[in-house]
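Hi everyone, thanks for coming along.

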Amino acid sequence: MITAMTFIIALYIFMLAAFTGYEVISRVPSILHTPLMSGSNFVHGIVVVGALTALFNASSVLEQVVGFLGVMMGAGNVVGGYVVTDRMLAMFKPSDKAAPQKGAQK
Amino acid sequence: MILLEYIVAISALIASGLLVYGLKRMSSPVTAVSGIVTAGWGMLFVTAASFLGIFSVSEAAKPHLVVNVILAILALVIGGGWAGWKGRSVAMTAMPQMVALFNGMGGGAAAAVSVIALTGPKETGIVPLLVTVAGGLIGSMSLSGSIIAWAKLDGRMNKPIRFGGQRIVNAAVFMLTVLLGIMAAFLYHQDGGGIATLLFFIGALLAGICMTIPIGGADMPVVISLYNAFTGLAVGLEGYVMADPALMIAGMVVGSAGTLLTVMMAKGMNRSIANVLFSNFGEASASTATGPEKEAKSVAPSDAATTMRYASSVIIVPGYGLAVAQAQGKLYDFVKQLQAAGVDVKFAIHPVAGRMPGHMNVLLAEAGVPYDMIYDMEDINDSFADTDVALIIGANDVVNPSARTDKSSPIYGMPILNADQARQVFVIKRGMGMGYSAVQNPLFFQDNCAMVFGDAQAVLSKMVEAVKALGAS
């Protein structure tokens, strides 16, 4: 049973998490916008954990079907998000040494 | 709380720490690669730990546990396998729509959790039920909206769909859906609750579709980023319903980070988010698209190549057309030839070149173009006036001088690359078609501009041959 107090605590968690997200992303160079969108897309794939818990606790066919779909989509979000982000970021590998030097010259 | 639950809870705590830390590392080019790996370990850890939950399922679910676990493993393998294969095999140019699709799936998963919370036997009380409804609404909208965004970027749905009174219809659909959602929460396990829940989710999916269909393709990156934030928010809200702090934290971090990313992207296009969502971009262009009455000049690829070979400086402005033609590699071959002939070559990247901010940088990096040749708009815009040749490949709106001069133009005020100020401008383009914003480009009719018609791949091949024929003197 979720009480009023846990609701308040939840609001605090939401507030602090929102500030964290803001701080993590601010002052990002525009070349990283796409990889970051993809990376944050991967992070919200954690919903698969919620879907798994819901499916484990399913006690009717409806819950099983919806839970199955949920886990499937969540898994797609996680794996797809990871693979796409990894491929995008791999493009930055060879430039690891060149990029800071260029910045220093300016 | 039994020991097992502590283990699950601590795992989730560590995982959410790793996820946020990974995201932080991803926000700098130097640490970005390790960032996704860090976040990946966190995700693997929390998913594995969630399987410990099978030892503490509710009484009602115990008889179904074996079936449920088999279903879960099956779903993980099917969903993960499909997405992994798709994500690996898709071309770099198609990345934006893949991000949209995977994001939509996350929204769908959040909506599924919401369905179970609204129909399942677990008593939670009215506040969590209302939160469930909110998460379900946002998640469903993100699912259907992302699918529309994917269809548009993938070229399966080309024209924005607009009709009279659309905003009123959209608002009505949305309001009705919210009302149904509130009904579904209050009628939980009562007569009519099931019907209300069903109608609510249909309405929510419909709302996502209605919201996305009138938006033009050029604005899709901003929309995808917005839906990304939506999904994060939905996941956070469902995390509260599931009493899972890891979901709450990861979801809300993405919700706010995604919102900020969306604002930054919209700023790069000189638009506000409200402007993207509610103004019908391109609608006014029908009246302003008359353009100058002059004919655009056109030249052969070899002539343009010769001009560049004997120029002292060339700035290349790549656009989405280059990526579509898969001509990045060919372009770099040509650039290397010019460099061998002593020409100073630079790349100028508009913040929204390609289909998303940073997309073009990724595509050029894939072709092997070194980073020190690639310049951002702010760094290079003043150099165009001292440059012999600006070579524009498959870009249109981002070099449209109307954005600077013509107040009646729909793209007025958008920051553009001043390619029109170069002494000579060459534009490689398939035809005289308009850009994504469907606005005529007066640059093409300027005296210092010549069109090189053809597919970028074919034109660049001819240019490479032409320069080769001139010899390496």
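This is a predicted model: local features need pLDDT of at least 70, side-chain atom pairs count only at pLDDT 80 or more; totals for chains, interfaces and linings use all residues.

Residues are numbered from 1 along each chain as its sequence is written, and chains are lettered from A and ligands numbered from 1 in the order in which they are written.

Two terms for the sheet, then. Helices (H or I, at least four residues) and strands (E, at least two) are DSSP runs numbered from the N terminus, and two strands pair if DSSP finds at least two bridges between them.

Back to our strand pair: Ile392(B) stands opposite Val427(B) in strand 5 of chain B. On the other flank, strand 4 of chain B pairs with strand 1 of chain B, again in the parallel sense and over five bridges. There, Val317(B) has Ile392(B) as its bridge partner in strand 4 of chain B.

Is strand 4 of chain B buried or exposed? I call a residue buried if 20 or more other C-beta atoms lie within 10 Å of its own, exposed if 12 or fewer, and partly exposed in between, with C-beta atoms placed from the backbone. Five of the five residues of strand 4 (residues 389-393) are buried, so this strand is largely enclosed by the rest of the structure. In a regular strand the side chains alternate between the two faces of the sheet. Here both faces are covered: Val389(B), Leu391(B) and Ile393(B) are buried on one side, and Ala390(B) and Ile392(B) on the other.

Now let's zoom out to the whole sheet. It is an open one of six strands in chain B, ordered 3-2-1-4-5-6, with parallel pairing. Strand 3 (374-376) and strand 6 (449-453) of chain B sit at the edges with a single partner strand each, so one side of each has no neighbour in the sheet. From one strand to the next, the twist averages 25°; angles run from 0 to 180 degrees between N-to-C directions, and axes are lines fitted to C-alpha atoms, for helices over the stretch in contact.

What packs on this sheet? Helix 15 (residues 359-367) of chain B does, touching strand 1, strand 2 and strand 3 of chain B, and its direction makes about 140° with that of strand 2. By contact I mean two residues whose C-beta atoms, placed from the backbone, lie within 7 Å. Strand 1 (residues 313-318) and strand 2 (residues 344-349) of chain B run parallel and are joined by four bridges, with Val345(B) in strand 2 as the bridge partner of Val314(B).

One loop residue for you to find: Asp447(B), between strand 5 and strand 6 of chain B. Asp447(B) counts as exposed because it has 8 C-beta neighbours inside 10 Å.

Chain B as a whole has 18 helices and six strands, and its C-alpha trace spans about 85 × 50 × 30 Å along the principal axes. Of its 473 residues, 54% count as buried. An assignment, with bounds from an automatic or database source, gives chain B domain 1 (94-281) and domain 2 (293-470). Their centres, taken over C-alpha atoms, are 38 Å apart.

And chain A? Its secondary structure is five helices and zero strands, and 59% of its 106 residues are buried. The unreviewed UniProt entry annotates residues 6-25, 37-59 and 65-84 of chain A as "transmembrane region"; such positions are given in the numbering used here, feature names are shortened, and annotations may be inferred rather than shown by experiment. Residues 6-25 of chain A are 100% helix and 0% strand, with the end C-alpha atoms 28 Å apart. Residues 37-59 of chain A are 74% helix and 0% strand, and there the end C-alpha atoms lie 36 Å apart.

Last stop, the place where the chains meet. The contact takes 82 residues from chain A and 103 residues from chain B. Helix 4 of chain A gives the most to the side of chain A that touches chain B, with 27 residues. That side divides into 51 nonpolar, 26 polar and five charged residues, where Ala, Val, Leu, Ile, Met, Phe, Trp, Tyr, Cys and Pro count as nonpolar, Asp, Glu, Lys and Arg as charged, and the others, Gly among them, as polar.

Thanks, everyone!
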